[in-house]
Amino acid sequence: MSLQDFRALVEKHAQIGIVPSMIPGVVVSRMDATGSPDESSTGTILAIVAQGTKRLSVGSAVHDYGPGQFLIASVDLPVSGQFTDATPEKPALGFGLELRPEIIAELMLNSAASEFLRPVRGESSPPAIAVGDASERLLDAAARMLRLMDTPRDIPVLAPMIEREILWLMMSGEHGATVRQLGLADSSLSRVRHVVRWIREHFAESLRVDELAELARMSPSAFHRSFQAVTSMSPIQYQKSIRLHEARLQLIANPGDIATTAYAVGYESPSQFSREYRREFGAPPSRDLAMLRA
């Protein structure tokens with residue numbers, strides 16, 4: 001499967017935006033303009049770029065990936081992302097597949113997976129975000145997944161088989177450790193993911209790193225090291241980013257008292273909230289919202 005053929009398939013099935021397809025767990029995207037950085041969450045996903053170049057910022061780390069490259073996200077992280085060279089004449093095109101830990105865990109039970117190195121306790125976790133070059137086999141499998149949209153009757157039977165093929169190729173590839181750890185319940189990555197979910201659900205509460213380390217069943221030093229390696233942020237920075245993204249969503253949905261929103265997401269000082277909001281999004285809340293509405 002050539003990149004050109006894969007690009008044609010994505011373009012055939014893509015709509016404007018990042019749109020879920022009729023195949024469970026699959027999204028197809030088309031962007032006709034570069035636009036400003038979009039604040040969102042990654043989810044756990046494999047994304048393959050067919051055309052265009054995308055830049056993703058996670059904490060202090062920046063990831064660029066272009067045609068024929070993929071990005072893996074193994075933890076749900078707050079990110080800032082944008083396509084950097086999309087036009088109506090040459091839109092950015094992409095394919096995405098949700099990475100489901102239960103399917104990866106099932107594949108890890110296969111005898112063929114016995115050759116994979118298991119993580120060593122105390123070993124640093126792999127980064128949650130990784131970029132690499134898509135092989136011809138990976139492009140071919142993704143293309144066959146897309147072709148199922150032409151024969152919807154085949155989706156329930158063939159899509160799960162192709163999903164497993166794609167996951168196996170990723171598990172066996174350059175960044176396989178990142179993918180494999182999604183399926184290991186006791187891996188350091190899984191422990192960090194457990195804490196990440198807890199922070200997302202309790203972002204407005206006070207946070208103590210020692211208590212988070214206990215939740216992860218790790219020593220404070222090992223937990224802090226693993227959390228930083230996976231997310232490119234400290235636990236405090238991650239919580240702050242989640243608070244600010246949630247505040248922005250609340251203000252967009254219900255424009256009103258900025259101080260009330262600041263308190264609702266866990267800030268004790270509206271002035272501190274405004275300062276950190278400006279650092280995160282480039283403008284204070286009132287101006288940022290005015291630009292978004294415009």
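A residue is called buried when its relative accessible area is under 20%, exposed when over 50%, and partly exposed in between, using a 1.4 Å probe on protein chains only. The model is predicted, so local features need pLDDT of at least 70 and side-chain atom pairs count only at pLDDT 80 or more, while totals for chains, interfaces and linings use all residues. Residues are numbered from 1 along each chain as its sequence is written, and side-chain values use heavy atoms, without hydrogens and water.

**First stop: Arg-30**

Select Arg-30, which lies in strand E2 (residues 26-31); strands (E, at least two residues) and helices (H or I, at least four) are DSSP runs numbered from the N terminus. Arg-30 counts as buried because its relative accessibility is 17%. Next, display Asp-32: its side chain makes a polar contact with that of Arg-30 at 3.0 Å (a pair of N or O atoms within 3.5 Å, one able to donate a hydrogen and the other to accept it; residues adjacent in sequence count only if both atoms are side-chain atoms).

**Second stop: the second largest pocket**

Select Gly-59, Ser-60, Met-233, Ser-241 and Glu-280, the closest to the centre among the 18 residues that line the second largest pocket. A pocket is an open set of points on a 1 Å grid over the protein atoms alone, where a 1.4 Å probe fits, with protein on both sides within 12 Å along at least five of seven lines; lining residues have an atom within 4 Å of a point. Then select helix H9 (235-253), one of the elements that give two or more residues to this lining. H9 gives the most, with 5 residues.
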